[in-house]
Amino acid sequence: MCGGFTCSKNALIALNILYVMIGFLLIGVGVYARAASVVTNLPIVGGILACGVILICISMLGLAGAVKHHQVMLFFYMIILFMLFLIQFSIASSCLAVNAEQQQQFAEQGWKTVPKNLREQVQEKFLCCGFNATTTTTSNTIIVNTNEPSCDIVNKQCCADSQDPQCHCGPCGPLLEDKIDYAFKLCGGLGIFFSFTEVLAVFLARRYRNQHDPCYLPARAVFPHNYQY
């Protein structure tokens with residue numbers, strides 16, 4: 001019957017194989033999210049990456065416990081998987097709850113921490129200068145933030161057809177805004193969806209752990225003459 005020992009074992013094995021694929025999927029999504037944002041060091045996206053790696057390791061533990069019907073492995077598998085559910089659900093909820101202003105704050109912090117040469121590469125790729133339009137005006141002259149790398153090369157490309165001597169490229173932040181928002185929403189949606197399957201795995205592992213393996217009969221049934229009734 002489907003609720004028996006064999007069915008529970010096969011279901012738990014199949015679920016853990018699915019978790020291995022989900023772990024690789026989360027890693028791929030996290031890598032894509034970082035690549036899409038190009039320069040931003042998004043800590044929440046890093047949390048999704050960490051959950052993917054941990055989920056693969058836990059799935060290996062669950063596979064070993066399911067194949068061997070190992071009580072200790074299954075016990076730690078349930079505890080660790082439930083803790084991962086709490087962490088992953090919290091991180092995914094944070095991804096969906098972050099508004100545009102907070103996303104820009106995270107992105108700006110990442111922009112400030114990356115090396116200067118990487119910022120120059122991004123500016124040349126997107127033809128932009130700096131992250132935000134942080135400028136000051138003195139005597140009708142626009143001065144771009146001097147903490148940013150030089151924009152001379154990109155300004156020549158942006159203003160190739162302009163006669164304005166004060167022409168300069170726009171900031172990089174607005175150009176990356178859509179990519180950053182998509183990365184947060186994608187990570188949050190996948191994290192929420194797959195985190196609930198981990199609760200199913202916890203209950204399935206608990207049920208399978210408490211079931212008796214029919215391949216191992218009690219000693220009284222194997223050697224009835226050794227027992228006095």
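A residue is buried under 20% relative accessible area, exposed over 50%, and partly exposed in between (1.4 Å probe, protein chains only). At 33% relative accessibility, Cys-158 counts as partly exposed. The model is predicted: local features need pLDDT of at least 70, side-chain atom pairs count only at pLDDT 80 or more, and totals for chains, interfaces and linings use all residues. Residues are numbered from 1 along each chain as its sequence is written, and side-chain values use heavy atoms, with hydrogens and water left out.

**Overall fold**

- The chain has eight helices and two strands. Helices (H or I, at least four residues) and strands (E, at least two) are DSSP runs, numbered from the N terminus.
- Along the sequence, these elements follow the order α-α-α-α-α-β-β-α-α-α.
- Of the 229 residues in the chain, 38% are buried.
- Contact means heavy atoms within 4.5 Å. Among contacts between residues at least 6 apart in sequence, 78% join residues at least 24 apart.
- Accessible areas come from the Shrake-Rupley method with a 1.4 Å probe; for residues, only the protein chains shown count as cover.

- Glu-198 sits in helix α7, which spans residues 173-210.
- Glu-198 is buried but has no salt bridge. A salt bridge needs a side-chain nitrogen of Lys or Arg within 4 Å of a carboxyl oxygen of Asp or Glu.
- The nearest side chain of opposite charge belongs to Arg-206, 17 Å away. For charge, Lys and Arg count as positive and Asp and Glu as negative; His and the chain ends are not counted.
- The side chain of Glu-198 does reach the backbone nitrogen of Phe-85, at 3.3 Å. That is a polar contact: a pair of N or O atoms within 3.5 Å, where within protein one must be able to donate a hydrogen and the other to accept it, and residues adjacent in sequence count only if both atoms are side-chain atoms.
- Beyond four places in sequence, Glu-198 contacts Tyr-19, Leu-55, Leu-81, Leu-84, Phe-85 and Gln-88.

- Gln-88 belongs to helix α3.
- With a relative accessible area of 1%, Gln-88 is buried.
- Not counting residues up to four places away, Gln-88 touches Leu-26, Cys-51, Gly-191, Phe-194, Ser-195 and Glu-198.

**The salt bridge**

- The count comes to one salt bridge.
- Asp-181 and Lys-185 form it through their side chains, at 3.1 Å from N to O.
- Both residues lie in helix α7, four residues apart, about one turn of the helix.
- Asp-181 is partly exposed at 30% relative accessibility, and Lys-185 is partly exposed at 35%.

**A nonpolar patch**

- Val-72, Phe-75, Phe-76, Ile-79, Ile-80 and Met-83 make a nonpolar surface patch of about 530 Å².
- Patches are made of residues with over 30% relative accessible area and no salt bridge; like charges are joined within 9 Å, and nonpolar side chains (Val, Leu, Ile, Met, Phe, Trp, Tyr) within 5 Å.
- Val-72 lies in helix α3, residues 71-97. Val-72 is partly exposed, with a relative accessible area of 46%.

**Around Cys-158**

- Cys-158 is in helix α6, residues 152-158.
- Cys-158 and His-168 are ten residues apart in sequence, and 6.8 Å apart from C-alpha to C-alpha.
- Leaving aside neighbours within four places in sequence, Cys-158 is in contact with Leu-127 and Cys-169.
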